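This report describes two contact regions, one inside a chain and one between chains. The structure comes first, then the description.

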Amino acid sequence: MAYTKDEFKQLVDDIQSQSWYKNPIGFGIARVDRGQLNKDKILQATFPLINWNENFGSAAVLLNALKVAGENVDTSKSELVCKISDEFLTSCIEAFRPFIPEAKGEAHKNVQVISTLASLPIDSGLSADDYRVVFIFEDAAPESTEAVYLKLYALSTGKAALRSLNLNGAFGKLHNCAWVGNQPIELDWLRANEIVLKLSGKYPNIDFVDKFPRLLQHVILADNTRILETSKVRMGAQLAAGTTVMPGAAYINFNAGTLGAVMVEGRISSSAVVGAGSDVGGGASILGVLSGTDGVPVTIGENTLLGANSCTGTAIGDGCILDAGVTILPGTKITLSDKAVEQLKAINPGKEISNVMKGSDFQGVNGVHFRVNSSTGQTIAMRSTREVKLNADLH
Amino acid sequence: MAYTKDEFKQLVDDIQSQSWYKNPIGFGIARVDRGQLNKDKILQATFPLINWNENFGSAAVLLNALKVAGENVDTSKSELVCKISDEFLTSCIEAFRPFIPEAKGEAHKNVQVISTLASLPIDSGLSADDYRVVFIFEDAAPESTEAVYLKLYALSTGKAALRSLNLNGAFGKLHNCAWVGNQPIELDWLRANEIVLKLSGKYPNIDFVDKFPRLLQHVILADNTRILETSKVRMGAQLAAGTTVMPGAAYINFNAGTLGAVMVEGRISSSAVVGAGSDVGGGASILGVLSGTDGVPVTIGENTLLGANSCTGTAIGDGCILDAGVTILPGTKITLSDKAVEQLKAINPGKEISNVMKGSDFQGVNGVHFRVNSSTGQTIAMRSTREVKLNADLH
Amino acid sequence: MAYTKDEFKQLVDDIQSQSWYKNPIGFGIARVDRGQLNKDKILQATFPLINWNENFGSAAVLLNALKVAGENVDTSKSELVCKISDEFLTSCIEAFRPFIPEAKGEAHKNVQVISTLASLPIDSGLSADDYRVVFIFEDAAPESTEAVYLKLYALSTGKAALRSLNLNGAFGKLHNCAWVGNQPIELDWLRANEIVLKLSGKYPNIDFVDKFPRLLQHVILADNTRILETSKVRMGAQLAAGTTVMPGAAYINFNAGTLGAVMVEGRISSSAVVGAGSDVGGGASILGVLSGTDGVPVTIGENTLLGANSCTGTAIGDGCILDAGVTILPGTKITLSDKAVEQLKAINPGKEISNVMKGSDFQGVNGVHFRVNSSTGQTIAMRSTREVKLNADLH
């Protein structure tokens, strides 16, 4: 038991020096939704807080408490998922005691999570079996629904960079459910109860059927960030502060998103990333690695405009304009006038710029305006009117 | 009353041999939502089960029970809609008695419907007037809201093929309502109560205003089928197992859909059908007969890719690719090189292939890659890289 | 107190003749949603009724009642927002007394609002502080959330013409909230309660995060008007009767909309207006003044078809066709044959029509079919097959 902060520090040092201990990449405690028919099936994990390469003191306390509670804590595996228990909570509270009085607002959130768990009213209908302690020790392919969710949280809270995590096989760890509000429902349960539900007027109003929930079911946006329709952003997407997602044709898939304030009225497919100050116009498509690109995830630079109904299957630099309705795929042949070559060379020192280039040749080329000449139908590139901030390191 | 299954069979034979009897095309029992102001207005019919060219024994029992209950059962009309009554339910239960013990899970679903109706608690707020027995004897233009719903169910459950049913005038049989969850509300009722509802903070949260509900309000998807946002698929659409509908720009209208596993990120307009293994890219449009086609419903073959933001107003074959952003309308003039003509002839024996073709000439032509030459703006066709399975019957 | 309608008229005359009095442009009484943490923050204003250049008798009664109740009624300001009080309601009821018996249905709606307010049950949880009397005396930049809402209502109910109101700075008067049904929630409140809400399974299901609500949260559509998904139309948009908004890629922003029956399957950006009988095809984009136009709000004429995935950044006349996938921006160079010039001159007397025109030159030109020649890639214009009603005044 820790009575002072110094004693807490000593306790943590003791735990961390033990041979079994290993600092986790990420951890948190989730409330889980379990199957209506199959109670062992985890349909969703909701984390009030996640830790990612941080708060190792709390990690030590939680791991130690799991051991005290008799759980098999094997930190040599890539992940650990345990149920909570009274012993676990008691051990945590004893360790966190010096921090409990000041665990409010933004302070000591892991302590708040433990305190809240310990004080949930008995009549809430929730039991210890509805919670999981989740640790990730190695960024391997996730082996549990809970670990997938922890990684999706890491992406969506911005604690892990887009494309930085191993999500191999994640789809296979999630179950396809009917979602009614925040509640996932097994399709089998619906089938088993369809007749009674429909005849009694109690058939649920299903919002969607998918393996993933939506971002807004789990993540609170920054004050200047907006999603005008929740279905438009999947859990696992990342929206930098200041991003606005409109409800027309927009969609942002998991492991995709924005790095700064971006106006999104089009599609940002899985693995695609858009830089600060850019604009994804109405109905514009940024292709994902599975559909129409050459397999390289598409990055859109900063301060770039993808016009309405344009389509991009290859990287676009900073300060570019893609005219409305224009499509640039990796293999698209693009013609440049001598003047365009000269102007683009001037702001892209060291880059190969020539009179005929393919779409994929524009990787890292800034300040390009892609157009179709409406007199000839030719796809052309010229110097855009957008500002490009030259990289000082290159000059 | 039937005490054994043999007696049941005899009872059914007796009914079916009567002069008034006729096997129905489809039938079922629905719970109906009636108008808030006009109780005789049927706003929605929810079927826990529909029968389509099947279960004629149950049909005989139900029709006979309606006669016993004093209903005017005229099988010479194209459809029959009756209220239920105690007499009707009693007659059905007496006939179904041998099957009641085993009517569970997937077995004897019509019996389950009758048993459930007979056992609904009195305090459910529902009365006999909230249910309808619906029969369709002939595929004529529907004459009632209930018959329209029965046909929409036949399409959406896959029991009837897309485009196979007479839906003439269906729109006129449905009422435009405000939908709050699964509850349709008359717009007049909202107007009559607007002041009280708004001032008291009880104005309902309206999901949509339409004549049709959404597919997910009535149909349970297969385990490998996904609709990431309920508004994207209208009741009356048909999704084959394995289909995924994304929430960006996708939409599937009634009497349209997929014949196998299809990724849908674009629009499948009413009457359009997409074959197994195909991909409707982000923002792609498959036009309906009312907008931009030559009046022929558009069919997309199997294993075909419609690129992002492409547009199709005419039939496309198997194993085709429509590049992102390319539009093919029936009258679009498309140029083929001599090599393309030769290669497409090789896999399309017997088809007319020439150096200049119109979009509508490609009906039934497989393995085509439609592109716009970005140097000349010319719309061209060539042999696609997609696999085409040659029809063995033609060789 | 007014005992007869004549006395009411006399009372109104008396008020209107007082020096402080001024007829308002618009007024109404709203129920307001206040912040969960900051009770003085107005998150939403819901008007059961608005008055716009009408019902000045009621305006006089309300303004007088505010003075009687001790409010500072300064009609020299552009707007006035006051709380209600028992004194205010009593004064209104005394004045409206002759009309109370007949204030039902469509009659005397302002009287109904006052009567309803006076009779709200004490246990509704609502207090006088949850209501506001709102007046606009001058169409200046709005200074309060309530005034912004009153103007949005004026637009969305069709009482004020699109683009006719001063909305400068309106965004700044609205707060970005998480919307759960019709309830706006402060993001800060969510943050402060995230741990408890998530662990107890009570985290709300958020529909969207935005400053604006959706049209259907405030406005009841005409019987023949449909919005197939509520997120598709923002509050402040205007839909003329007969308009249908589909759920695919459609979106109608505030201060934008339709002037007659229009089929909307694409985007109508803020400030864009579409004429009666026109069709905005699937995924079509009508650009707003902030993205891709030359700053002139785009007007689409009557009986015009914008094909699927087309894009318009400049005004289009009546009876025009924009082919699927075609983009017309203000600077797009468009080629016309001699025949096209002749035919378009014939139905556009007095207009400049020539062999090469820019997109913006087609302002007010009717009967144009915009296409891309699929053999040459050239953007061309010709006489459309759509009917154009010649303006009789010009002949």
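## Model and domains

Chain A is split into domain 1 (5–169), domain 2 (176–213) and domain 3 (215–394), with bounds taken from an automatic or database domain assignment. The model is predicted: local features need pLDDT of at least 70, side-chain atom pairs count only at pLDDT 80 or more, and totals for chains, interfaces and linings use all residues. Residues are numbered from 1 along each chain as its sequence is written, chains are lettered from A and ligands numbered from 1 in the order in which they are written, and side-chain values use heavy atoms, leaving out hydrogens and water.

## Domain 1 against domain 2 in chain A

The C-alpha centres of domain 1 of chain A and domain 2 of chain A are 30 Å apart. Their contact (heavy atoms within 4.5 Å) involves 10 residues from domain 1 of chain A and 12 residues from domain 2 of chain A. The two domains bury about 880 Å² between them, 58% of it on carbon and sulfur atoms; buried area is the accessible area (1.4 Å probe) that two parts lose on being put together, summed over both. On the domain 1 side, Gln36(A), Leu37(A) and Leu43(A) lose the most area to domain 2 of chain A, together 54% of what that side buries.

One salt bridge is counted between these domains, where a salt bridge is a side-chain nitrogen of Lys or Arg within 4 Å of a carboxyl oxygen of Asp or Glu. Lys41(A) pairs with Glu186(A) in a salt bridge, with the closest N and O atoms 3.6 Å apart. The side of domain 1 of chain A that touches domain 2 of chain A consists of four nonpolar, four polar and two charged residues. In this classing, Ala, Val, Leu, Ile, Met, Phe, Trp, Tyr, Cys and Pro are nonpolar, Asp, Glu, Lys and Arg are charged, and the others, Gly among them, are polar.

## Chain A against chain C

In this interface, 48 residues of chain A are in contact with 48 residues of chain C. The buried area is about 3600 Å², of which carbon and sulfur atoms give 53%. Ile220(A), Arg226(A) and Ser374(A) supply 18% of the area that chain A buries against chain C, more than any other three residues.

Three salt bridges are counted between chain A and chain C. In a salt bridge between Arg191(C) and Asp223(A), the N to O distance is 3.2 Å.
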